[in-house]
Structures are given as C-alpha cells and as structure tokens.
Amino acid sequence: GISRAISSAKEPKVLRWIVLLFFSDFMLDILHGFLALYFVDVAKTTTNKAAFAVLVWTLIGLPGDFFLILLLKRFSGLAYLKVSALVVLILFPMFLLIPSVAIKLVILGLLGIFNAGWYAILKAQLYQNMPGQRGTVMAFGSLLSLIQCFIPLALGFIAEIFGLSIAMWFLLLGPLALIVGLYKVEK
C-alpha cells in the first residue's frame, strides 16, 4: 500500500491535486486560525469584535456552499475554482489594506462565499484521478494534515519577526497556487 501511494503521488495529475489541496487550506483553516488574532492585533478591535469576525467567517460558509450547489449545476467545478481563486486573490489584499473594521467584515464574508467548495472540489478531483484508491487518498489527506500543521507555526515565526500584518500576506499563496495549478490543468 505504501509503495502504491508513493508511486501514485509521483504522477503529475495526482501530485497537482495534492499540492492544490495543500495550498487551498491557506484561505480556509489557516486563515480561520489567525482571524481573531488579526482582528485584535492588527485591526485593533476588541475581543468581542474579533469573535464576531470568526463567527462571520464560520457562518458565511453555509450560504456559500448552498449557492455553490446551484452554480455547479451550470458551471464546472474547475471553472468555478478559477474564477473564485481570482476573486479571492483580489479581495484578500483589500481585506488586509482597508482600515475600516466594518468593511473588513463585509470582505471577510465575501471571502467566505468565494472560497466555499474549494476543499470539496479539489478533493473530488483527487479522487477522480485515483479511481479505486480511496484508502490511498485518505492516507494522502492524513499526510497533508501532518505537513499543514507546520504552516501556522511558520506564519507565527514570520509574525514574530516581521509582524502579523506582514505574515498574513503569505496566505495569498493559496489563491496564487490555485490559479497557477488550475491553469496547468488545461495544458
């Protein structure tokens, strides 16, 4: 099983989806993990407003997933990912640069809507490229989780040295990787 997993991971199509899943998490769980700290430390809000920001992020995903189901009836998942990654690539710098907390919350809600479905679509692509290997895909997921746990640590070190406002810019690697990786799908 291990040798089969290693040989599968060497296939460019499979490796692409594993890498895209890894980077998509920058705008999913990793952003979620830093939101409260960002709002308190960088946006200089109260802890109540920071908690509200996390609530907005958490709750907005539900309508985002609902609208995604409707969108996927008309458009392919890959087309949606390309457009949504581009939108997130535009919205996230706005989120970081605009000083108004109210506008940050609106942009945060939009980010939550536009990154809805990233994980599900990318995971489905991985399953599609590894037919009959569900156990191997699950093993990749576990390995990916192990590697991803070091990203917040790395961002924490960057934040310690340069400040959280600088460290947050590294999260743009998520939508950038999606745009580059999804463009390569067409090649």
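1. A definition is needed at the outset: a nonpolar patch is made of residues with over 30% relative accessible area and no salt bridge, their nonpolar side chains being joined within 5 Å. The model under discussion is predicted. In this model, Leu 97, Ile 161, Phe 162, Ile 166, Trp 169, Phe 170, Leu 173 and Leu 176 make a nonpolar surface patch of about 790 Å². Helix H9 (150-162) and helix H11 (173-186) are the elements that give two or more residues to the patch.

2. On the overall architecture, the chain has 11 helices and 0 strands. Of the contacts between residues at least 6 apart in sequence, 78% join residues at least 24 apart.

3. Buried residues account for 42% of the 187 residues in the chain.

4. Turning to the interior, nonpolar side chains tend to be buried together in soluble globular proteins. Here the largest nonpolar core holds 51 residues, among which Phe 39, Phe 92, Phe 95, Trp 118, Met 168 and Leu 171 touch the most other members. Helix H5 (residues 77-97) gives the most to this core, contributing 8 residues.

5. Which residues does Phe 39 touch, not counting residues up to four places away in sequence? They are Lys 44, Thr 45, Ala 50, Ala 53, Phe 95, Val 101, Lys 104, Leu 105 and Leu 108. Phe 39 also belongs to a cluster in which ring pairs link Tyr 38, Phe 39, Phe 92 and Phe 95.

6. A search of the whole structure finds 8 aromatic pairs. One of them is formed by Phe 23 and Phe 26, with 5.2 Å centre to centre and 40 degrees between the planes; the pair is tilted. The two partners may be set side by side: Phe 23 is partly exposed, with a relative accessible area of 21%, whereas Phe 26 is buried, at 5%. The threshold for burial is under 20%, so Phe 23 falls in the partly exposed class.

How values were computed. Residues are numbered from 1 along each chain as its sequence is written. This is a predicted model: local features need pLDDT of at least 70, side-chain atom pairs count only at pLDDT 80 or more; totals for chains, interfaces and linings use all residues. Side-chain values use heavy atoms; hydrogens and water are left out. Patches are made of residues with over 30% relative accessible area and no salt bridge: like charges are joined within 9 Å, nonpolar side chains (Val, Leu, Ile, Met, Phe, Trp, Tyr) within 5 Å. Accessible areas come from the Shrake-Rupley method with a 1.4 Å probe; for residues, only the protein chains shown count as cover. A salt bridge is a side-chain nitrogen of Lys or Arg within 4 Å of a carboxyl oxygen of Asp or Glu. Helices (H or I, at least four residues) and strands (E, at least two) are DSSP runs, numbered from the N terminus. A nonpolar core is a set of buried Ala, Val, Leu, Ile, Met, Phe, Trp, Tyr and Cys residues joined through side-chain atoms within 4.5 Å. Buried means under 20% relative accessible area, exposed over 50%, partly exposed in between (1.4 Å probe, protein chains only). Contact means heavy atoms within 4.5 Å. Rings of Phe, Tyr and Trp (its six-membered ring) pair if their centres lie within 6.5 Å; planes under 30 degrees apart count as stacked, over 60 as edge-to-face and the rest as tilted.
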